Amino acid sequence: MKSMCIVKAAVMLGLVGAAAGIANAQAPAPVNITGATLFQSLFTAPQSTFDAIDANGDGNARLNPPFNGIVQQLAPTGVNPSAGWWAVQYRAVGSGNGLQELVNYSTRFSTLFAEIAGTAPNLENAWINRVKYYDNATGEQAAYNFNNPGGAPFRSNTLSLLGDTVNGGVRFDAAVMDVPTKWFVRVSGPATPVATPTAGGYGQNTKTALALNGTPATPAQANRLRTLTSTDNAVTLNFNTSSPDSSTVFDTPVAAAPIAFMVNYGTGHQQMTYTQLRHLFVTGRLPSGENLTAITRDIGSGTRNGSMNSIGIDPSFGVGENVGAKNDDVASNPTDRSVVGATYVPSNKGGSGSLERAVLNTRLGVGTSGAERGVTQSWLLNHRVELLGVQNDLGGGTIFARPTMDNLLDNDLNGYNIE
């Protein structure tokens with residue numbers, strides 16, 4: 001039995017440590033985190049900011065005072081301009097999109113509201129110490145600050161790094177991703193659907209999404225993976241961890257989570273092989289020619305990246321139907337794109353919630369999402385969709401496995417390896 005592969009990674013540049021070590025009697029120090037939508041469960045849990053290692057330097061690790069059973073909370077729930085040690089601001093934008101934000105604003109501060117996306121489809125949800133300040137269903141919440149980059153409640157003083165609601169700027173300390181950073185960085189060379197991370201041509205599919213009428217989508221929607229160069233060419237990060245500098249990216253594994261292929265009952269399918277899934281998500285139909293609807297996240301999604309890499313497909317080629325620019329509509333939107341109709345588009349969903357909603361409303365729909373969301377979002381408990389049993393026929397597997405606990409722990413060829 002092999003141990004389960006740990007695939008979620010937090011990409012850190014050492015800036016969180018700098019913020020944590022500063023005396024902050026006046027205000028909590030903002031800790032800015034961006035990235036994977038599937039990390040919402042972690043950053044909305046109070047346990048994520050308990051003081052386990054004496055981060056605030058007061059001599060108490062985990063318990064405060066020692067041995068009385070009271071856990072020290074470094075980020076009290078809510079917006080507290082004068083209380084707490086940290087103001088943890090977490091943006092759920094997708095793994096690759098979070099990587100891009102880290103590349104753009106980890107070594108320098110953003111100071112303008114328009115520099116960092118503050119609304120859908122680029123932002124799905126956002127929290128400050130476990131309280132939402134942006135919701136993709138209802139928009140800006142009470143804590144949203146229209147004067148700050150991305151609507152963040154706090155900026156950081158550029159010298160002390162302490163919190164300020166109007167002065168200073170926003171600088172990202174970490175980007176959480178569903179896959180290692182190198183899985184999101186494209187490599188020069190000729191593109192091929194079976195390119196693997198770090199190999200020549202990886203992430204280089206130049207095909208862009210189409211509109212419903214077959215013309216290029218507006219705005220343009222690319223499928224190529226990211227680079228480590230900021231969008232204005234002001235900085236380039238690096239992987240040189242043996243001789244690091246202030247621009248070196250470090251991957252720190254923090255958790256493991258399975259990715260499930262969810263399927264609408266209308267397809268009539270309960271299981272598929274890797275071969276079938278690869279063909280479906282590259283071409284939009286099964287090898288038999290059966291024209292199912294392969295519903296996808298945008299190229300910045302770690303769920304898309306992890307699921308495609310797990311079945312041996314370059315994520316830039318996992319385009320599915322490849323119809324529609326990035327979108328994150330909700331039921332209240334009159335131009336809803338997740339329900340079959342005049343405005344429906346099956347591709348480039350900006351968040352897990354929108355993709356799941358599209359699968360639920362598409363009779364022939366197949367998509368990918370975090371397996372645990374079937375429980376936390378109730379669509380699996382309510383028997384609204386099925387999770388496909390998948391067979392690793394490429395490696396010689398013979399069993400169609402679902403992401404059960406046994407199959408995750410026994411993740412050999414006949415276990416569950418899509419993570």
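User: What makes strand β9 count as covered on both faces?
Analyst: Look at its side chains in this predicted model. Ala174 and Val176 sit on one side of β9, residues 174-177. Ala175 and Met177 sit on the other. Buried means under 20% relative accessible area, and these four residues are all buried. Both faces of β9 are therefore covered.

User: Why is β9 called a partner of strand β2?
Analyst: Two strands pair if there are at least two bridges between them. β2, residues 29-35, is joined to β9 by 3 bridges. That meets the cut-off, so the two strands pair. They run parallel. Ile33 has Ala174 of β9 as its bridge partner.

User: Which residues cover the two faces of strand β4?
Analyst: Asn125 and Trp127 lie on one side of β4, residues 125-128. Ala126 and Ile128 lie on the other. All are buried, and both faces of β4 are covered.

User: What makes β3 and β5 partners of β4?
Analyst: Count the bridges. Strand β3, residues 86-92, has 4 bridges to β4. Strand β5, residues 131-135, pairs with β4 over 4 bridges. The cut-off is at least two, so both pairs qualify. β3 and β4 run antiparallel, and β4 and β5 also pair in the antiparallel sense. Arg91 stands opposite Ala126. Ile128 stands opposite Val131 of β5.

User: What lies between the strands in the hairpin of β4 and β5?
Analyst: There are 2 residues between them. In this hairpin, Asn129 takes a positive phi near 45 degrees.

User: Why are β13 and β15 called edge strands?
Analyst: The open sheet has 4 strands, in the order β13-β14-β11-β15, and its pairing is mixed. β13 (293-294) and β15 (386-387) each pair on one side only. β15 is joined to β11, residues 259-263, by 2 bridges.

User: What do the buried residues of helix α6 pack against?
Analyst: They pack against β11, β14 (365-370) and α7 (373-376). Among the buried residues of α6, residues 352-360, are Leu355, Ala358 and Val359. Glu356 is also one of them.

User: Is His383 buried or exposed?
Analyst: The relative accessibility of His383 is 61%. Exposed means over 50%, so His383 counts as exposed. Its phi is positive too, near 55 degrees. His383 is in the loop between α7 and β15.

User: Why does the radius of gyration agree with a compact globule?
Analyst: For 419 residues, such a globule would have a radius of gyration near 22 Å. The protein has 21 Å, so the values agree. Of its residues, 53% count as buried.

Definitions and conventions:
Residues numbered from 1 in each chain as written. Predicted model: local features only at pLDDT ≥ 70, side-chain atom pairs only at ≥ 80, totals over all residues. Heavy atoms only, no water. Rg over C-alpha atoms; globule rule 2.2 N^0.38 Å. Buried < 20%, exposed > 50% of the residue type's maximum accessible area, 1.4 Å probe, protein only. Contact = heavy atoms within 4.5 Å.
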